[in-house]
Amino acid sequence: MTEPLLVDRTDAVVTLTLNRPTAMNSLDVALKEALRDTLAELETDRSCRAVVLAGAGGSFSAGQDLREHVRTLETSDADPLATVRAHYNPIAARLANLPKPVVAAVRGMAAGAGASLAFLADFRIGGPKTRFLMAFAGVGLAADTGASWTLPRLVGHAKAVELLMLAEPVGAEEACRLGLLTKLVDDDEQVLPTAQELAARLAAGPTVAYGAIKRQLSIADAGTLADALAAEAQAQAICGATADHRAATTAFVAKQKPVFEGR
């Protein structure tokens, strides 16, 4: 049986590949559970210092597996969208709060919840065939997997309304201009290697500080200046006690290149 999620480790970088290429890596229960549970394991895995999220074949992810969803609608009397609480919400929370950098290698189409997954990454690398489609309204649904939170932060409120309500595809160049992509490479074959190269660079950095930066920005986005200042004070207290801070400060004074160990 083919594994729905491939997990590859190269030094301190873990690449998670959505592995349903014949279904455009659409998200069925098996894939959602594997992604949710693997992200939970990586939260406390100190050997992992950066994560790459990718899709097998020519697509990133088409979002919810609608064939599976149709069967659920036809056979279940329970909440047909129970998957949001059981799968999508935990996946979104774990991706957003993962205390280490996440890089999405967005090759080809990223639609619906697939696009939402990419938007939860800290960095998104795309190629000429990259497309985003907020497909939810096209099937009579609102956004999920954190898109109502990430999109306004990436593109602004008005553009988020447009993308979600009109549900029109966004090509690679427009996605880069809007901020949906961090970097656009010239060759689709280079999307994953470029993402992994960036992840390797991040994995060699101050992991604790990166996690603190993610928490700071999350608090500041929704909070007041006082909230941000309190978060900064807490973060600096944590980072200031790390071996990485002490070693890097000593290296700076000695005019040497710092070596970070992620602790």
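Is R177 buried or exposed? In this predicted model, R177 is exposed, because its relative accessible area of 59% lies over the 50% cut-off. The legends below take up this residue again after several other close-up views.

**View 1. Helix α1 crosses helix α3.** Two packed helices are described by the angle between their axes and by the distance between those axes. For helix α1 (residues 29-43) and helix α3 (residues 83-97), the axes come within 9 Å and cross at roughly 35°, and the crossing in which α1 passes α3 is left-handed. On the α1 side, the contact is made by V29, K32, E33, L35, R36, D37, L39, A40 and E43, while on the α3 side it is made by T83, A86, H87, Y88, P90, I91, R94 and L95. Sorted by the kind of side chain, the residues of this contact comprise 9 nonpolar, 2 polar and 6 charged.

**View 2. Strand β2 between its two partners.** How many residues of β2 are buried? The strand is mostly covered, with 6 of its 6 residues buried. V13, T15 and T17 point one way from β2, whereas V14, L16 and L18 point the other way, and all of them are buried. Strand β1 is joined to β2 by 6 bridges, and these two strands run antiparallel; in this pairing, L5 has L18 of β2 as its bridge partner. Strand β3 is likewise joined to β2 by 6 bridges, but β2 and β3 run parallel. Within β3, V51 is the bridge partner of V14, and L53 is the bridge partner of L16.

View 3. Strand β2 belongs to an open sheet of 6 strands, in which the order is β1-β2-β3-β4-β6-β8 and the pairing is mixed. Strands β1 and β8 (183-184) are the edge strands, since each of them pairs on one side only. Helix α8 (residues 191-203) lies across β2, β3, β4 (102-106), β6 (123-126) and β8, and runs at about 175° to β4.

**View 4. Two residues with a positive phi.** Most residues other than glycine have a negative phi. D11, although it is not a glycine, has a positive phi of about 55°, and this residue lies in the loop between β1 and β2. The hairpin that these strands form has 2 residues between them. D11 is exposed, because its relative accessible area of 78% is over 50%. M24, which is also a residue other than glycine, has a positive phi near 55° and lies in the loop between β2 and α1. M24 is partly exposed, with a relative accessible area of 37%.

**View 5. R177 in helix α7.** The residue of the opening question, R177, lies in helix α7 (residues 172-178), and its relative accessible area of 59% makes it exposed. Although R177 and A200 are 23 residues apart in sequence, the student can also look at their separation in space, which is 25 Å from C-alpha to C-alpha.

**View 6. L229 in helix α10.** L229 is found in helix α10 (residues 225-240). With a relative accessible area of 47%, L229 is partly exposed. Along the chain, L229 and I219 are 10 residues apart, and the C-alpha atoms of these two residues are separated by 9.9 Å.

Notes: Residues are numbered from 1 along each chain as its sequence is written. This is a predicted model: local features need pLDDT of at least 70, side-chain atom pairs count only at pLDDT 80 or more; totals for chains, interfaces and linings use all residues. Side-chain values use heavy atoms; hydrogens and water are left out. Axes are lines fitted to C-alpha atoms, for helices over the stretch in contact, and angles run from 0 to 180 degrees between N-to-C directions. Helices (H or I, at least four residues) and strands (E, at least two) are DSSP runs, numbered from the N terminus. A crossing is left-handed if the near helix is turned anticlockwise from the far one by less than a right angle, and right-handed if clockwise. Contact means heavy atoms within 4.5 Å. Ala, Val, Leu, Ile, Met, Phe, Trp, Tyr, Cys and Pro count as nonpolar, Asp, Glu, Lys and Arg as charged, and the others, Gly among them, as polar. Buried means under 20% relative accessible area, exposed over 50%, partly exposed in between (1.4 Å probe, protein chains only). Two strands pair if DSSP finds at least two bridges between them.
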